[in-house]
Amino acid sequence: MKVKQVILRHLQMELKFSFTTSFGSFSTKDFILVEAIDEEGISGWGECVAFHSPWYSEETVKTCWHMLEDFLLPLVFKAPIEHPDELNQRFSFIRKNNMAKSAIEGAIWDLFAKKQNIPLSKALGGEKKEIEVGISIGIQKSVDDLLRIIEKYVTEGYRRIKVKMKPGWDIDVIREIRKHFPDIPLMGDANSAYSLQDIERLKALDEFNLMMIEQPLASDDIVDHAALQAELQTPICLDESIHSYEDARKAIQLGSCKIINIKIGRVGGLTEAKKIHDLCQANNIPVWCGGMLEAGVGRAHNIAITTLENFTMPGDTAASSHYWERDIIHPEVTVHNGMIVVPEGIGIGYEVDRRQVDAYTVSLKEYKA
Ligand code: OSB
Ligand code: MG
């Protein structure tokens with residue numbers, strides 16, 4: 001494969017809802033869409049999951065654009081690529097900047113699968129024909145609002161409900177949820193809102209039979225998570241703390257978690273995501289695919305990786321229509337009875353809707369080999 005041209009587009013899309021986590025709220029999604037074109041004129045698509053501001057990780061739309069333009073694209077143009085796995089090595093002298101790396105790597109995986117004439121899921125080694133999904137619900141104005149929203153998604157068939165939590169929006173809220181929905185698969189995501197000093201508060205959640213608590217402690221701390229896990233019955237799932245295979249290996253060794261949320265962008269791409277998946281499988285650590293409020297291209301990549309065997313728990317990949325008035329792919333991602341049917345078309349398996357892409361594009365730049 002020879003990548004001859006890459007087009008970076010900055011897109012801006014309005015979410016249907018304001019999404020509130022322990023860090024704050026946002027309702028406009030800014031992101032970079034990557035189109036990589038080879039010598040035959042075939043396009044591969046990648047989506048950069050970095051947000052406009054660095055609340056979830058240190059990367060932003062601007063840092064990713066800079067990394068892509070000044071470092072990553074020149075490496076992609078430099079030499080032909082036999083297999084996308086090579087990029088992991090080619091990019092390895094650049095520290096971190098995983099979301100930037102993943103955006104172009106994802107586009108090249110799509111291109112690779114298209115040139116092989118197979119779906120991306122198959123190119124990754126995935127076998128599932130459909131995947132099970134849940135939904136992530138932000139912090140709401142009132143518990144009544146939250147209960148109404150949960151009711152709606154349970155009725156729609158989502159396979160597990162995740163609620164964002166923080167000190168003060170935790171024990172009482174979860175108790176109330178359990179009163180109304182005693183048996184639904186339920187979990188909380190704290191996005192690092194707690195410290196070890198809150199251990200009694202977190203232990204109090206053990207009585208509610210949560211599937212897991214996601215990322216209760218600091219985003220760079222697997223030591224305190226190990227101490228916490230030793231005291232908790234509820235499994236800890238790490239999200240922000242896991243940036244690589246090495247992070248996952250150490251977290252497993254320390255006992256910092258019992259479950260891992262894999263986000264392709266956070267770990268630097270599909271190749272690394274696969275490696276983490278395999279490591280977790282060998283260590284009996286179930287994984288699931290997290291979400292970054294992706295548009296259709298990122299959503300398609302999430303669906304493809306979730307077809308791997310050890311993605312045994314429902315992920316955060318909800319339907320396009322949950323987030324967007326109109327997504328950038330055709331058909332949009334739909335969920336029936338909490339399941340997404342894995343597309344059988346080649347590459348990401350969805351057509352990128354160029355008219356919609358144009359409508360959401362605020363700026364674009366072309367780069368040539
Ligand atoms: O912590 O998993 C998270 C969204 C943005 C950033 C971080 C997270 C989330 C979600 C929503 O929980 C996942 C989604 O619906 O895409
Ligand atoms: Mg999370």
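Visitor: On what basis are residues numbered, and which confidence limits apply?
Guide: Residues are numbered from 1 along each chain as its sequence is written, and chains are lettered from A and ligands numbered from 1 in the order in which they are written. Side-chain values use heavy atoms, with hydrogens and water left out, while in this predicted model totals for chains, interfaces and linings use all residues, local features need pLDDT of at least 70, and side-chain atom pairs count only at pLDDT 80 or more.

Visitor: How many helices and strands does the protein have?
Guide: Helices (H or I, at least four residues) and strands (E, at least two) are DSSP runs, numbered from the N terminus. By that rule, the secondary structure comes to 13 helices and 15 strands.

Visitor: What is the radius of gyration of the protein?
Guide: The radius is taken over C-alpha atoms, and the globule rule is 2.2 Å times the number of residues to the power 0.38. For 369 residues, a compact globule would have a value near 21 Å. The protein agrees with this, at 20 Å.

Visitor: What share of the residues is buried?
Guide: Buried means under 20% relative accessible area, exposed over 50%, and partly exposed in between, using a 1.4 Å probe and protein chains only. Of the 369 residues, the share that counts as buried is 60%.

Visitor: Among contacts with a separation of 6 or more, what percentage joins residues 24 or more positions apart?
Guide: A contact means heavy atoms within 4.5 Å. Among contacts with a separation of 6 or more, residues 24 or more positions apart account for 72%.

Visitor: Which residues are the protein donors of the magnesium ion (ligand 2)?
Guide: Donors are N, O and S atoms within 2.8 Å of the metal (3.2 Å for Na, K and Ca); water is not among the atoms, so sites may look incomplete. The donors here follow the spacing D-x24-E-x24-D along the chain and lie 2.1 to 2.3 Å from the ion. They are Asp189 (OD), Glu214 (OE) and Asp239 (OD).

Visitor: Which residues does serine 244 touch, not counting residues up to four places away in sequence?
Guide: Serine 244 is placed in the loop between S9 and H9. With a relative accessible area of 18%, serine 244 is buried. Its contacts beyond those sequence neighbours are Val267, Glu272 and Ile276.

Visitor: What is the phi of asparagine 117?
Guide: Most residues other than glycine have a negative phi. Asparagine 117 lies in the loop between helix H3 (98-116) and helix H4 (120-123), and is exposed, with a relative accessible area of 58%. Although it is not a glycine, asparagine 117 has a positive phi of about 65°.

Visitor: Which peptide bond is cis, with omega near -10°?
Guide: Most peptide bonds are trans. Proline 331 lies in the loop between strand S12 (329-330) and strand S13 (339-341). The cis bond runs from histidine 330 to proline 331.
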